Amino acid sequence: TLNPTTGVISGTPTAAGTFTPTIKATTSAGCFATKTYVLIISCAAVTVNPASLPSGNVNVAYNQTVSATPAAAYTFSLQTGSLPPGISLNSATGALSGTTTVAGTYNFTVKAATGSCSGTRAYTLVINP
């Protein structure tokens, strides 16, 4: 917001982007001047958590949730790699869940996005026999 008395711009941005407000200053005599500014709001660093995932076992239900900070409504997706067969990533909650019958080491990257801001984390998930 712009304080009309002091000219101070303050507040907490809710979206990243480039904004070009034009501000008009008027004297008590009615004289005025305008100026257009370029205001760039960058994304806060998005961190996907946890740093690593616990291993799982064949034929045992796996349930681990990934999250992101700072707090926002994120959409989670698989950026690269593949999950173990039978395990899926819930795009709304970040839950990695399911049961697999295939042991192995699975490498994948999870992306958390909100608006134009996003972050990723590479994971290795070991499924034991």
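Is Tyr 74 buried or exposed, and at what relative accessibility? Tyr 74 comes out buried, at 8% relative accessibility, where buried means under 20% relative accessible area, exposed over 50% and partly exposed in between (1.4 Å probe, protein chains only). The model here is predicted, so local features need pLDDT of at least 70 and side-chain atom pairs count only at pLDDT 80 or more, while totals for chains, interfaces and linings use all residues. Residues are numbered from 1 along each chain as its sequence is written, and side-chain values use heavy atoms, with hydrogens and water left out.

On the fold itself, there is not a helix to be found: the chain has zero helices and 13 strands. Both kinds of element are DSSP runs numbered from the N terminus (helices H or I, at least four residues; strands E, at least two). The C-alpha trace spans about 85 × 20 × 20 Å along its principal axes.

Of the contacts between residues at least 6 apart in sequence, 48% join residues at least 24 apart, a contact being heavy atoms within 4.5 Å.

Now to the rings. The structure holds two aromatic pairs. Tyr 74 pairs with Phe 76, and because the ring centres are 6.3 Å apart with the planes at 50 degrees, the pair is tilted. Rings of Phe, Tyr and Trp (its six-membered ring) pair if their centres lie within 6.5 Å, with planes under 30 degrees apart counted as stacked, over 60 as edge-to-face and the rest as tilted. Phe 76 counts as buried too, at 7% relative accessibility. The other pair, Phe 108 and Tyr 123, is tilted as well, at 6.1 Å centre to centre and 45 degrees between the planes. Phe 108 lies in strand 12 (residues 104-114) and Tyr 123 in strand 13 (residues 117-128), so this pair ties together parts 15 residues apart in sequence. Both Phe 108 and Tyr 123 are buried.

Two lysines also sit over rings. Lys 24 lies over the face of Phe 32, 4.4 Å from the ring centre, and the charged end of Lys 35 is over the ring of Tyr 37, 5.7 Å from its centre. The criterion is NZ of Lys or CZ of Arg within 6 Å of the ring centre and within 35 degrees of the ring normal.
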